[in-house]
Amino acid sequence: MRTDSIPTENLEEVVVTATRTLRQLSSLPLPVSLISRRQLQQTGVIRLDEILDEQTGILMTPDATIGGGEGVQIQGISSDYIMVLIDGVPVVGRSSGNLDLSRLAIGNIQQVEIVKGPSSSLFGSEALGGVINIITEKPDSEDISGQVSHRSATFNNQNTSVNLNQRRGKLGYSLFADRLSTDGYDLAPLQDGQTINPFYNYTINGRVFLEASEKWDIFASARYFFQEFDVSPDSSEETDTNLHLRVTQNPGTKSNLQYEVYFTRYTTNEQIEDPVNSDTLIENDFDQRLLRPEIRYNYTFGPGNTLSLGAGYNFETLDRSLFREQVSFESQYLFAQYDFKPAEKLNIIAGARFDHHSEYNAQLSPKLSVRYDINPALAVKGSIGSGFKAPDFRQLYLDFSNVAGGGYSVFGKEVESEGIERLRENDELASLQVDASELGDPLDAESSVGYNLGITYKKGGLSAEINLFRNDFRNLIDTRILATKNNGQNVFGYINRERVFTQGLETDLKVRLLDNLELSAGYQLLFAYDKDRLEDIENGEVFARDPQTLETVRLDRSGYFGLENRSRHAFNVKLFGEIPKWKANANLRAVYRGRFGITDRNGNGLLDVLDDSFVQGYTLVNLSFGKRLFEHYSVQIGANNVFNFQGNNPLAAQDGEVLINPGTEIFAKINFQF
């Protein structure tokens, strides 16, 4: 655990995600956040989702169903549209849209970089709403260095990690191993099963760095994750394998080439059995693979003047028991970016990416960012960019009938014609709700245009930033009813329909109160609406029943709360302090999330103020205290959710059942650093 004082920390923060080149954070024209290694260590968190929830403009949002997991939300944009990277390459494994960030250990992370808004111009599909890039640490010591730590917490949560690094001449290596286990917890005792089942998991990561010559550098990484849940009477397994090779060529002082090959495979299995006769009701085996070679070229014409070019190929397959057969995608892409300074105080970044996909129309994603330094302390910056998200495997190929849920069916776009015909042949179809000629019509890629305009101020121990944002989405993929079965259940399909937008402002403030005491605070104001629903309201076509008077009323715009799972207000404040003479540090963090609605409960097709599915606003307070003992040891104690907030689930709250949070977590950690 480091004891560096705050004034010497993060003097020259650099990031690579925003431009795919090394840039100083404070000079960027884009909305970018950075979580440093110091912050990760001192907060005592062990998984990525825990630290993201404390950042401005970022929320971990629970699904509406118990045990539904969480997804990351940036500027009101849901997790389906946020790309997550490790050292610049994507993490896969979205069985239902959300990516489980709790499976990503942070014991060997150097920093986490977050780019807000559309980034498809550099990273392609899934970067429509933003990018989270996990940067692992690089060895820099001739001697073997590292740490061994163990953390114990509430619910018999046990975490052990080992991290080794060494750099000998031109060769460096890093080894990381992590084990996490817990007894789980139950937030709904009246329902079968636990909210979080007991589990254990392992993460193993090995990396090699080689300076083969003055002109050639090699980076190789292998990562493996294994997790097993105890789901009585069976177990469920999950694996995540990543292989990454990057070769950098420096033919001259002004140019470099990077050749990269990446392979990843994610697997999981899930079974839901009938508790009476032990018959399997749902079987969901999931096996996703991605192979991606890419080449990048950078040429520097002069200081602050760099041209970047790239090309790559994606080959992705998914074998899932809810699909009739294994499916695959192929895509090729090109991107270009020019980062230049036409004047001393003006920085412009212009870029675009072209994607050609086997299953949907080609996409062009341009982006433009500008920063002007008014004076050394004050700057204004703005960006506009387009993004896209390809229809995923589920929306194209899902072939599912829910026996456990009463017999409804869901068909992806590519198989809906065949699925409807099969139901008709089996005499299960009562009526078709759409024109037969519409079945199988291709889905378009979802698209967006994002705008950001901000002002930054940094002088001495004070830094502040205000950012206005708006994201307009088109062709969002939604479900629709295709047909009705003889049993009264519906058959669902997918269609491009929704037009939504999110807009608001973010503010961040950091101030050094004393030499070793730093305060930071952030606030987000968010408005998120469906444009079609707004038009319906303006046309006087939306009604709701007042639960108090039981009177039916026509809704106006003030009665439309907005999109589900979005909070109008979110706030965070963090206080970090160090006492060098005691070799100790402490921090206090508070996160407020305003009220949000989970779903439409009164059947008018939108979330309005008369719905009874709202979770009231709440504050989570976390704290930790660390102290170095002797030369190599340190200890840390802390508590998350100090005031024991739990929160009732408005969809299932009865007899004390809760959903939002398991309560206070107490933890203690011992660390041996060498």
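I counted 22 aromatic pairs, taking rings of Phe, Tyr and Trp (its six-membered ring) as paired if their centres lie within 6.5 Å, with planes under 30 degrees apart as stacked, over 60 as edge-to-face and the rest as tilted. The model is predicted, so I noted that local features need pLDDT of at least 70, side-chain atom pairs count only at pLDDT 80 or more, and totals for chains, interfaces and linings use all residues. Residues are numbered from 1 along each chain as its sequence is written, and side-chain values use heavy atoms, without hydrogens and water.

I looked up Trp216 and Tyr259: they are stacked, 6.5 Å centre to centre with 20° between the planes. Trp216 lies in strand β14 (residues 216-231) and Tyr259 in strand β16 (residues 255-268), so this pair ties together parts 43 residues apart in sequence. Strands are DSSP runs (E, at least two residues), numbered from the N terminus.

I checked Tyr618 and Phe645 next: with centres 4.4 Å apart and planes at 10°, they are stacked. Tyr618 is in strand β38 (residues 618-629), and Phe645 is in the loop between β39 (633-640) and β40 (665-673), 27 residues apart.

I also found Tyr299, Phe301, Tyr338 and Phe340 linked into a cluster by ring pairs.

I turned to the sheet: five strands form an open, mixed sheet in the order β3-β8-β9-β6-β7, where pairing requires at least two DSSP bridges between two strands. The edge strands are β3 (32-36) and β7 (89-90), each pairing on one side only. β3 pairs with β8 (residues 109-116) in the antiparallel sense over five bridges, and Val32 stands opposite Val115 in β8.

Notes: Helix = DSSP H or I, 4+ residues; strand = E, 2+ residues; numbered from the N terminus.
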